[in-house]
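Please read the following points with the sequence and the structure side by side. Each takes up one topic and may be checked on the display.

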Amino acid sequence: MKRAARYIIFYAGLLGLWTLIAELKIWPPYLFPTPWGVAESLYAGFQDHTYWIAIRVSMQRVVIGYGISVVLGMILGLGVASNKFLEETMGGLLVSLQSLPSICWWPLALLWFGLNQNAILFVVIMGSLLSVTLAMEDGRKQMPKIFGQAGRNLGAKGFKLFWYVLLPASLPFIVSGLKQGWAFAWRSLITAEMLYLSLGLGQVLMMGRDLNDMSAVIAVMLLIISIGYVVDGVVFRGMERHLQNKWGLAPAN
Amino acid sequence: MSNAWAVPRRYPTPAEPRIPAGGAKLGPVSVGLQDGARSTLTSKVGLSEICLSYRTQSGERLLALDHINLQVRAGEFVCIVGPSGCGKSTLLHLIAGLQAQTSGQVLVDGHPVQGPGTDRILIFQEHGLFPWLTVAENVEFGMKMKGLPKAERQERTRHYLRLVHLAKFEKSYIHQLSGGMRQRVAIARALATEPDVLLMDEPFAALDAQTRDLLHDELERIWSETGRTIIFVTHNVREAVRLGDRVVLLTFRPGRVKNEFPVVLPRPRSLEDPEVALAAREVLDELRDEINQSLEAEYSAGVKPHIEPGAEA
């Protein structure tokens with residue numbers, strides 16, 4: 001109850017400040033819109049289906065790209081963690097590659113795949129693959145060895161050992177890496193979409209700029225933030241809570 | 001009651017050539033048992049000339065197990081005792097096939113062990129249960145890996161959970177159980193795959209005294225009901241005498257069989273039985289030297305080359 005009250009006070013204050021500055025008309029409304037203007041843009045955008053389509057297209061891309069990243073990243077991470085040669089050679093490469101913003105892959109992606117969906121997917125994958133790989137590698141190492149031994153002892157081997165033992169055993173150790181991977185995937189997607197007429201949220205954002213419609217720009221920014229927040233809150237928080245219930249781990253905070 | 005080791009042992013330095021399996025140079029691998037009839041062929045688990053050496057971080061080779069010979073009959077309850085660092089847990093990992101020996105052979109039903117198999121199930125000290133599965137799913141796990149049909153799995157799971165008195169907890173997760181209950185789940189999970197041999201690695205070491213007493217009774221009952229062969233590792237001599245048909249004493253590093261003590265006391269036994277205490281005393285007298293050596297090594301060396309079972313697995 002108290003927490004809800006604090007939320008309301010904080011956001012009411014923020015909204016009030018915004019309204020106040022907008023109403024002072026220091027800047028023209030097309031550069032500094034009012035909250036009502038943004039709300040109207042949001043309404044109009046959903047009304048003519050622009051935002052629905054944009055959200056659907058973007059979500060589709062990020063789910064596919066992130067999904068591929070998770071599968072590839074787990075295989076790679078497991079490989080690196082269980083092979084000394086790979087660990088010594090590729091381990092360092094992976095860490096250094098992570099300092100490269102994923103959009104740097106854009107020119108390469110354009111040349112390889114052309115101006116299409118695949119180029120965007122490539123950037124999304126490059127954005128999140130490394131986080132997932134490093135998380136999986138780390139998780140595999142942190143995971144108590146006894147689980148693998150017990151699994152093999154009970155007759156699990158090969159893919160069954162991975163699927164029924166190693167993967168669930170390492171999940172608590174990789175969930176934060178998976179979350180980080182998602183955040184990177186989402187950001188990479190929006191960035192890539194902004195560079196190319198592509199129907200997604202990124203393009204709608206750029207359209208607002210082209211039309212000098214600041215309300216629309218802010219409306220789309222709010223959409224991008226909200227989707228990121230909802231996925232984090234529903235999917236990953238849910239996963240963390242689920243793991244805590246099963247494993248009996250203390251809540252993270 | 002004790003029968004001393006008669007064959008003089010000489011342990012080779014790493015440079016020396018390995019003695020071939022079977023120990024031809026040392027004569028027959030009879031380990032001074034009462035009835036000479038027990039050969040490798042009739043025994044359930046046979047260890048012959050098992051050696052295990054590690055390379056430590058400083059590069060020197062460390063002999064952990066030195067020509068271990070041991071024959072275990074089908075249905076026998078054998079307890080292995082020794083000071084910490086004698087490699088007794090490692091021995092179980094070798095039998096379980098989770099780790100490979102440097103030389104020698106582990107035979108189960110006369111066949112050399114090639115890797116893990118569900119005919120030998122190891123129960124770990126820290127139980128090794130899967131926290132992401134419920135109690136019932138844990139018990140079911142081995143059967144699921146074997147590919148048994150679901151109906152049979154569930155029926156057997158119920159049976160073995162009843163056997164360890166945990167039927168009411170089948171839907172609980174592991175963290176919701178007490179230490180004693182966890183070990184009982186581990187026992188049920190091991191039994192559910194219906195192994196011939198149960199390997200137990202100090203399974204009750206972390207439990208309080210009352211729980212341990214209770215589990216001793218239960219284990220003795222389960223053993224007599226199921227007729228499994230049990231190899232039980234412990235550092236607690238009293239526990240070994242209370243449970244075992246035979247107590248095998250290992251030396252401090254390198255681990256060698258120092259002596260074997262058949263326990264002929266009637267069952268069911270109790271830790272408090274004066275006969276158990278008396279027999280334990282006899283074992284303990286011989287163990288004391290080894291414990292002192294182990295302590296000395298621990299205090300003088302500063303850094304103890306601790307060997308974790310499964311370190312190379």
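Predicted model: local features only at pLDDT ≥ 70, side-chain atom pairs only at ≥ 80, totals over all residues.

1. Helices and strands are here DSSP runs, numbered from the N terminus; a helix has at least four residues and a strand at least two. With that settled, the end of helix 7 of chain A may be examined: just after this helix, G155(A) takes a positive phi of about 100 degrees.

2. Is helix 7 of chain A enclosed by the rest of the structure, or is it open, and why? Of the nine residues in this helix (residues 145-153), seven are buried, so the helix is largely enclosed by the rest of the structure. A residue is called buried when 20 or more other C-beta atoms lie within 10 Å of its own. The residues concerned are F147(A), G148(A), Q149(A), A150(A), G151(A), R152(A) and N153(A). Their packing partners come from both chains: helix 8 (158-194) of chain A, and helix 1 (88-96) and strand 7 (120-123) of chain B.

3. The contact between the chains deserves a separate point. It joins 22 residues of chain B to 15 residues of chain A. On the side of chain B, strand 7 and helix 2 (135-146) each supply at least two residues. Helix 2 of chain B gives the largest share, four residues. By class, this side of chain B divides into 13 nonpolar, seven polar and two charged residues.

4. Which residues of helix 2 of chain A are buried? They are V38(A), S41(A) and G45(A).

5. Domain 1 covers residues 1-32 and domain 2 covers residues 34-247. Their C-alpha centres lie 32 Å apart. Eight residues of domain 1 of chain A and five residues of domain 2 of chain A form the contact. On the domain 1 side, seven residues are nonpolar, one is polar and none is charged.

6. Chain B has a domain division of its own. Domain 1 of chain B is made of two segments, 35-119 and 198-313, while domain 2 of chain B is 130-194. The centres of these domains, taken over C-alpha atoms, are separated by 26 Å. Their contact takes 12 residues from domain 1 of chain B and 10 residues from domain 2 of chain B. Helix 5 (residues 209-226) of chain B provides six residues, the largest share of the domain 1 side. That side has eight nonpolar, three polar and one charged residues.

7. As a whole, chain B contains seven helices and 11 strands. Buried residues make up 45% of its 313 residues. Among contacts in chain B with a separation of 6 or more, 73% join residues 24 or more positions apart.

8. Finally, the nonpolar cores may be considered. The largest has 88 residues, and those touching the most other members are I95(B), I123(B), A188(B), L199(B), I231(B), V247(B) and V283(B). Helix 4 (residues 179-192) of chain B gives the most to this core, seven residues. Apart from this core lies another, of 45 residues, among them V70(A), L94(A), A109(A) and L178(A).

9. T89(A) belongs to helix 4 (residues 84-97) of chain A. Why is T89(A) classed as exposed? T89(A) is exposed because 12 other C-beta atoms lie within 10 Å, and a count of 12 or fewer meets the cut-off.

Key: Residues numbered from 1 in each chain as written. Chains lettered and ligands numbered in written order. Contact = placed C-beta atoms within 7 Å. Domains from an automatic or database assignment. Nonpolar A, V, L, I, M, F, W, Y, C, P; charged D, E, K, R; others polar. Core = buried A, V, L, I, M, F, W, Y, C linked by C-beta atoms within 7 Å.
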